[in-house]
Amino acid sequence: MHFTNPDYNHFLLDQGLFGWVYKILTPIEWLMSEIMSCFHRFIVLLGLPSKGLSWILAIVFLVLVVHAIILPMYIKQMRGMAKMQALQPKMMHIQKKYKGKTDQASKEAMSRETMKLYEDNKVNPMGSCLPMVIQGPVFMCMFYMLSAIPYIAHGSRGTLGAFDKATAAEFADTHLFGLKISNTFGMADTSGKIIIGIFTFLMCLAMWYMQFNNMRKNLPPASMEGSQYKMQQAMTWVFPLMYIFSAVSMPFAVLVYWLTNNICNMLRSLWQVHAFPTPGSRAEEEKKKRDHTKENKRREKAGQISLEEEALQKAQEEVKRREEQGFQREQPKRKRKKKK
C-alpha cells in the first residue's frame, strides 16, 4: 500500500458531499474548537507549555466532556432497554397472536396493541438510539476539526472557531512520543508508523473487548444461538478490523481522540454490564449474588439477621402456622356489599 503526503491546497472534506455535510455541522465544529481552546488555556495556566502535551490533554478533556454530557441519556437508555427486555414475553405474545395474519386490519390491530403496551409501560423503543444520534455528529465534527487544522496552519483554509492560523500552527506542531500530531501514517517515519500502529491496535482492542464482554456476559442463553448470534460474533472482529483501514488515513490527533473515546466507551460498557445487566443473562446472576452479599454485610453492620436467617425464620413461622391452622388453604373472604 502506498501513502502520499496530503496536498494542503485542497482540503477534501470541504468539497462535494463532504463539504455540504460539514457546512451544516459548522456550529458544532465551532463550539468544539472553543471548548478545546478553553481547556488548553486552563492547562497552560496550570504551568504546562502552550505547545505540546497541553493540546493532547485538551483533546482528552474534550472527549470526557462529551461523554459526561451523554451519560444521563445513556443511563436513561439503559433503563429503557431493561424495561424493553422485561416486556419481551408480552411482545412475543402479541406477535404470536397475529402470526401469519397479513391482512391490513390485523396489521393495524397488532400495531395498536404494541403501541398501547409501550404507552402503558412508559417505554420509548427509539430512546436507545439517542446517545448514538448525538455521538455520530460529534465524532464527525471532531474528525473534521482535527483534519482541518493543518490546512488552517498552512493558510489554505480559513479560521475555524478558536483556531486561527497562529493557533492552528501551534497545534499542528505539537508532538507526542516524537510524532507530530498532524501527521498521518503515510507522512510518519518508521518510529512514527510504529506509534500509530500501537494506537490503532489499542483502539481495536478496546472496541473488541467491549463487544466480547457484552456478548459473553450480557446475553441471555436463548440469544446465544442461531444465525443472528453468529453474525454478532463475526462483527466483534469485523468492526475492529475496519478501524485499521480508517486509521492509516487520519491525522495522529484524530487517533488520540479515537483511542480516548474507545476507552471511555469500553469503561461505560463494563459499568453497564455490571450495573444494568440484561434479564436472564450471566451478568444478572452475578449482580444478584453481589446484591445478596452486600445486603448481608449491611445487615451485619446494623446488627440485623442475614437474608438466609430471615428466610429460615419465615419458613419456621409458616410450618408453625400450618401446624396450628392445619394444611387446608384458607378461602378468600367475599367482601360484603355496602347497603345503599
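How many aromatic pairs does the structure hold? The structure holds eleven of them, a pair being two rings of Phe, Tyr or Trp (for Trp, its six-membered ring) with centres within 6.5 Å. Before the tour reaches two of these pairs, some orientation is in order.

**The model.** This is a predicted model, in which local features need pLDDT of at least 70 and side-chain atom pairs count only at pLDDT 80 or more, whereas totals for chains, interfaces and linings use all residues. Residues are numbered from 1 along each chain as its sequence is written, and side-chain values use heavy atoms, with hydrogens and water left out.

**The whole chain.** Please display the chain as a cartoon. Twelve helices and two strands make up its secondary structure; these are DSSP runs, numbered from the N terminus, with helices (H or I) of at least four residues and strands (E) of at least two. In sequence order the pattern is α-α-α-α-α-α-α-β-β-α-α-α-α-α. The chain has 340 residues, of which 35% count as buried; buried means under 20% relative accessible area, exposed over 50%, and partly exposed in between, with a 1.4 Å probe and protein chains only. Of the contacts (heavy atoms within 4.5 Å) with a separation of 6 or more, 68% join residues 24 or more positions apart. In surface view, the chain exposes about 22000 Å², and carbon and sulfur atoms supply 62% of that area, according to the Shrake-Rupley method with a 1.4 Å probe.

**First stop: Phe 39 and Phe 61.** Select these two residues. They form a tilted aromatic pair, 5.4 Å centre to centre with 35° between the planes; planes under 30 degrees apart count as stacked, over 60 as edge-to-face and the rest as tilted. Phe 39 belongs to helix α2 (residues 26-45) and Phe 61 to helix α3 (residues 53-86), so the pair links distant parts of the chain, 22 residues apart. Phe 39 is partly exposed at a relative accessible area of 21%, and Phe 61 is likewise partly exposed at 32%.

**Second stop: helix α7.** Select residues 165-172, which form helix α7. Which residues of this helix are buried? They are Ala 168, Phe 171 and Ala 172. Seen down the axis of α7, these buried residues fall within an arc of 95° and therefore line one face of the helix; the arc is taken from the directions from the helix axis to the C-beta atoms.

Ile 198 is partly exposed, with a relative accessible area of 45%. Ile 194, Ile 198, Phe 201, Leu 202 and Leu 205 make a nonpolar surface patch of about 460 Å².

Next, select Tyr 209 and Phe 212, both in helix α8, three residues apart, about one turn of the helix. An α-helix has 3.6 residues a turn, so residues three or four places apart point the same way. Tyr 209 is partly exposed at 29% relative accessibility, as is Phe 212 at 34%.

**Last stop: Gln 211.** Leaving aside neighbours within four places in sequence, Gln 211 is in contact with Met 235, Thr 236, Phe 239 and Pro 240. Finally, select Ser 269: its C-alpha atom is separated by 8.6 Å from that of Gln 211, although the two residues are 58 residues apart along the chain.

Terms used. Patch = residues over 30% accessible without salt bridge, like charges linked within 9 Å, V, L, I, M, F, W, Y side chains within 5 Å. Salt bridge = Lys/Arg side-chain N within 4 Å of Asp/Glu carboxyl O.
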